[in-house]
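Let's take a friendly tour of a protein and the small molecule it holds. Keep the picture open while you read.

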Amino acid sequence: METLWWLMLALGGAVFLLFLGLLLRGLARGPAGRASERNWLVGGGLVMPLVVITVVLGFTLVAMARLANAPTEDQLIVEVDGHQWWWEVRYPDLGVVTANEIHLPVERPILLRVRSVDVIHSFWIPSLAGKIDLLPDKTNTMSFSASEPGTYRGVCAEFCGLQHAKMRLTAFVTSEEEFDEWARQQAQPATVEASRGGELFLSAACPDCHTVRGTPADGSNGPDLTHLASRTTLAAGTLPNSTEDLSAWVRNPHEFKEGVEMEAAELSEADLADLIAYLESLQ
Ligand code: HEC
Ligand SMILES: [Cu+2]
């Protein structure tokens, strides 16, 4: 970027000086012949601008490509995948996978890499950065940083089906220390003791779609549940993460988000209570 700026200054300066010199010479010499006039018109008016603009354009394209793709040294890489209708969030360098909530250290340069597993979505946290499309066949990138600690609400800004309006996300911008602590904790596998709820989870259909790291559950069609209890909301901002709402969701997700790819659990009240206790132990 800096190189580009210096290049533009140097070229602009050289052209300016050249014309200043020619202007002074022309003033000193008076009217010139027609043929040389045409040469100056073609040379100064067409050829030179074309050369200068082409060179600058070339350098600009290279700088833009670098800016978009290459992570700089202290940049934090965050990958977000759009699903109908939730967000998978990964920090590839930290071994963290979560959903619908994104944690960012304040003032740290962020490199966001986004794509979609199905239709086009659009990641938009208005107070933090511009919109960026999540496409099925191409990874898009965006660099930004958050200047103020706080909690920021985001949405999917591209109509993506029935539950598009219930595809929200929250960004938590914290101090570097708080972020490191969060990431360290999220990178751990689940610390779960053998329990009836855990067995129910594994014997029901849940592991087909959900991962709980540290257990045999390794599905990938739904949010990673390894640290479910550390999140504040369920189903992309649809419900608060409370005991009642969690049981109501597992009992029948379609009551809250019609059309989601998760079937209602067919469990007795006692089994459901055990399953929910297990989910709530996933800190
Ligand atoms: C066929 C795949 C599938 C199965 C099987 C499935 N789920 Fe889900 N689950 C999903 C999807 C997809 C979502 C995200 C829905 C959304 O937010 O739009 C989800 C969301 C959730 C959430 C909310 C997570 C969050 O962070 O928002 C919980 C909790 C959950 N499922 C628990 C379970 C349990 C417990 C079972 C087994 C009884 C189960 N699921 C079975 C696909 C599945
Ligand atoms: Cu969407």
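Which atom of tryptophan 85 lies 3.4 Å from an oxygen atom of ligand 1? A backbone N or O atom of tryptophan 85 does.

## About the model

This is a predicted model, where local features need pLDDT of at least 70, side-chain atom pairs count only at pLDDT 80 or more, and totals for chains, interfaces and linings use all residues. Residues are numbered from 1 along each chain as its sequence is written, chains are lettered from A and ligands numbered from 1 in the order in which they are written, and side-chain values use heavy atoms, leaving out hydrogens and water.

## Who surrounds the ligand

There are 27 residues around ligand 1 (each with a heavy atom within 4 Å of it), and Cys206, Cys209, His210, Ala235 and Met262 come nearest. By class, this shell has 19 nonpolar, 4 polar and 4 charged residues; here Ala, Val, Leu, Ile, Met, Phe, Trp, Tyr, Cys and Pro count as nonpolar, Asp, Glu, Lys and Arg as charged, and the others, Gly among them, as polar.

## Between two domains

Ligand 1 lies between domain 2 (76-185) and domain 3 (196-280), because both give residues to its shell. The domain bounds come from an automatic or database domain assignment.

## A look at isoleucine 110

Is isoleucine 110 buried or exposed? Isoleucine 110 has a relative accessible area of 1%, so this residue is buried (under 20%, with exposed over 50% and partly exposed in between, using a 1.4 Å probe and protein chains only). From isoleucine 110 to threonine 191, the C-alpha to C-alpha distance is 30 Å, and the two are 81 residues apart in sequence.

Technical notes: A polar contact is a pair of N or O atoms within 3.5 Å; within protein, one must be able to donate a hydrogen and the other to accept it, and residues adjacent in sequence count only if both atoms are side-chain atoms.
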